[in-house]
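Dear colleague,

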Amino acid sequence: MTSTATTGTVGHEKLTMAQALNRALRESMAEDDSVVVFGEDVGALGGVFRITDGLTAEFGDTRCFDTPLAESGIVGMAVGMAMNGMRPVVEMQFDAFAYPAFEQITSHVAKMRNRTRGAVSLPMVIRIPYAGGIGGVEHHCDSSEAYYAHTPGLHVVTPANAADAHRLLRAAIASPDPVVFMEPKKLYWTKEEVDLGAELPGIGRAMVRREGTDATLIAYGPSVPVALEAAEVAAQEGRSLQVVDLRSIVPFDDETVCAAVRSTGRAVVVAEAPGFASVASEIVARVTERCFHSLAAPVRRAVGFDIPFPAPKLEHVQLPGVDRVLDAVDDLQWDLS
Amino acid sequence: MTRDLDLLLPSPHPVELIDPTGQTVAEAAHELPDDAALLRAFAGLTTARRINDQAGALARQGRLAVYPSSHGQEACQVAAAQVLSDDDWLFPTYRDTAAVVIRGVDVAEAFLPLQGAWHSGYDPHRYKVAPQATPLATQLLHAVGVAHAARLRGEPTVALALCGDGATSEGDFHEALNFAAVFRAPVVFLVQNNQYAISVPLARQSVAPSLAHKGIGYGVPGERVDGNDVAALLTVLGAAMARARAGEGPQLVEAHTYRMQPHTNADDSRRYRQDDEVAGWVQRDPLARLETWLRQHDLLDDAQLAAVTADADQLAARMRTELAQDSTPEPAELFAHVYATPTPQLVEQAAVVADELSREDEH
């Protein structure tokens with residue numbers, strides 16, 4: 001992975017995203033007794049991705065515990081615990097395995113504050129490992145962010161590097177609102193130099209990961225490294241691409257995204273999810289509505305096709321890679337400028 | 001943890017302590033509640049019936065958008081409220097407005113959703129009453145969570161979670177029983193089996209020996225009770241609450257009752273059930289049998305009955321006055337509670353609404 005930090009901080013230690021997430025959980029649990037972690041295999045095993053590794057040993061099995069294998073039950077119980085003074089952080093084992101909890105998430109997690117005119121807040125986090133790139137079998141690679149982003153009342157956050165994973169998870173746990181925290185599982189094991197003490201923007205702020213002047217790539221989660229790699233390749237070909245990492249899908253940072261697009265006049269949205277009715281569609285709509293007079297070309301998308309996620313041997317066909325991104329960039333009407 | 005099957009099985013017949021004719025049933029296993037509890041329950045039944053009658057009238061007049069009546073189920077409504085202590089939580093459904101009011105929620109707040117003004121009208125923390133659940137069985141899991149959180153902190157709270165017979169077919173019902181059992185959460189599940197899920201009769205929901213038997217698979221003791229006998233309900237629910245409070249885990253109680261009226265004022269129950277079936281349940285009315293029993297035991301005379309009725313009439317009068325008020329919130333409030341702090345997008349959208357409304361005012 002190419003450089004991810006433009007904050008200028010010097011890394012103090014090498015951490016994977018998985019370790020950074022674990023650190024965030026550990027710190028939040030140490031600071032606040034009301035933070036409880038539960039889900040499937042999160043106890044003795046430490047989660048199938050080891051994000052909760054060691055938490056039961058350190059904090060006891062009333063603070064980090066395994067539940068019966070039922071996602072609606074996990075989220076529904078978390079709603080009740082959040083109603084009664086706790087800050088649950090629940091793990092859905094994989095993106096598509098969260099669907100049994102869909103009613104609890106969309107009808108209750110998202111709506112309780114509004115339903116009760118602000119009387120009941122649900123400070124809870126639903127962690128969901130998502131997206132492809134790991135050769136996973138069916139139901140293990142969905143990009144399900146649009147379902148949650150479409151539901152008013154949820155914050156939807158997705159980090160693209162270890163430092164952000166730590167910063168944003170800490171912020172999500174501290175938030176008075178429910179946060180769907182989407183973890184790009186293909187980035188779990190990427191090691192980076194990070195300074196966990198560095199000041200980083202919180203939920204709701206996008207960040208420019210790479211400066212550029214010719215066009216803006218807008219990406220989030222697993223697509224940020226793809227966008228950065230595409231920018232690197234483009235630079236070798238003499239084209240300067242800016243990369244914006246959303247970090248937070250909801251709330252959406254119109255300000256940063258639009259300022260970036262206005263500075264270059266061209267934009268491509270990069271995302272793994274099928275493009276139809278997607279987060280990428282929303283970004284195109286927002287940018288077009290707000291930046292139309294700064295645009296030299298229609299905003300393009302380099303996204304997944306509108307097909308069920310393929311089996312491992314064909315997933316490379318579905319995932320937007322550097323070529324698909326640069327093809328979209330090539331289509332930005334350069335001959336007209 | 002495994003349990004002896006005998007401890008999980010409900011009794012062969014629903015527990016009944018006062019029969020439909022108002023006579024004490026000889027019952028070795030359960031004691032009648034004390035006189036004071038039964039007198040309080042009679043006042044509650046009178047109030048609940050009056051709430052149902054008044055709300056039904058207001059719905060017919062168009063003052064309420066809708067009313068799902070608990071007429072016929074008042075014994076369940078009253079017992080559910082009466083067995084709670086201040087620390088306990090009630091998780092009601094849309095049909096449990098009478099229980100919500102008897103628990104102490106102000107009528108203007110309780111009826112706000114039925115006026116069509118907002119989805120819930122009271123502060124759940126103030127009354128320890130969750131918002132009335134419109135989806136089926138989802139609230140049972142919330143009850144497990146509230147109870148588990150209390151248990152982790154060593155608090156004496158028990159959650160009483162209500163649902164109907166139809167809800168026992170939903171996945172969340174089963175997940176709630178299982179989670180409550182595995183975590184030994186202090187929850188009592190009360191199924192008001194009123195025989196119909198809108199139009200679908202119980203036989204199409206389940207062929208289990210009873211709904212109370214559904215606890216067995218989860219290691220949760222089940223009990224069946226005559227749901228029109230408030231004495232039996234108070235005794236059985238009271239014991240279940242005490243057991244949960246003592247740390248002995250959840251219990252499932254099935255109350256056999258009957259929805260005397262259509263699903264809501266918008267339903268036509270003649271399409272799916274016969275009048276003589278309904279008439280049969282009139283004989284099992286929860287109020288009449290307790291009144292008979294109290295009079296026979298010299299606990300109620302005409303003057304006391306008049307006083308109880310007057311209190312209920314006063315509440316009904318308050319409903320007529322309060323629910324005649326326009327309680328519609330300001331449209332700006334639609335954007336105020338979606339998040340603790342509105343997103344920039346919601347701030348923009350609230351401004352759009354304000355602008356649209358200001359131009360409407362000009363017309």
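A salt bridge is taken here as a side-chain nitrogen of Lys or Arg within 4 Å of a carboxyl oxygen of Asp or Glu. By this rule, two salt bridges cross the interface of chain B and chain A. One of them joins the side chains of A:R290 and B:E348, at 3.0 Å from N to O.

This is a predicted model, in which local features need pLDDT of at least 70 and side-chain atom pairs count only at pLDDT 80 or more, while totals for chains, interfaces and linings use all residues. Residues are numbered from 1 along each chain as its sequence is written, chains are lettered from A and ligands numbered from 1 in the order in which they are written, and side-chain values use heavy atoms, with hydrogens and water left out.

Contact (heavy atoms within 4.5 Å) links 41 residues of chain B with 44 residues of chain A. The area buried between the two chains (accessible area, 1.4 Å probe, lost on being put together and summed over both) is about 3400 Å². Carbon and sulfur atoms give 62% of that area. On the side of chain B, B:H142, B:F179 and B:Y339 lose the most area to chain A, together 18% of what that side buries.

Which residues line the largest cavity? They are A:V109, A:A110, A:M112, A:R113, A:V120, A:S121, A:L122, A:G153, A:D177, A:P178 and B:V338. A cavity is a set of points on a 1 Å grid over the protein atoms alone where a 1.4 Å probe fits but cannot get out, and lining residues have an atom within 4 Å of a point.

Yours sincerely

Notes. On a 1 Å grid over the protein atoms alone, a cavity is a set of points where a 1.4 Å probe fits but cannot get out, and a pocket is an open set with protein on both sides within 12 Å along at least five of seven lines; lining residues have an atom within 4 Å of a point.
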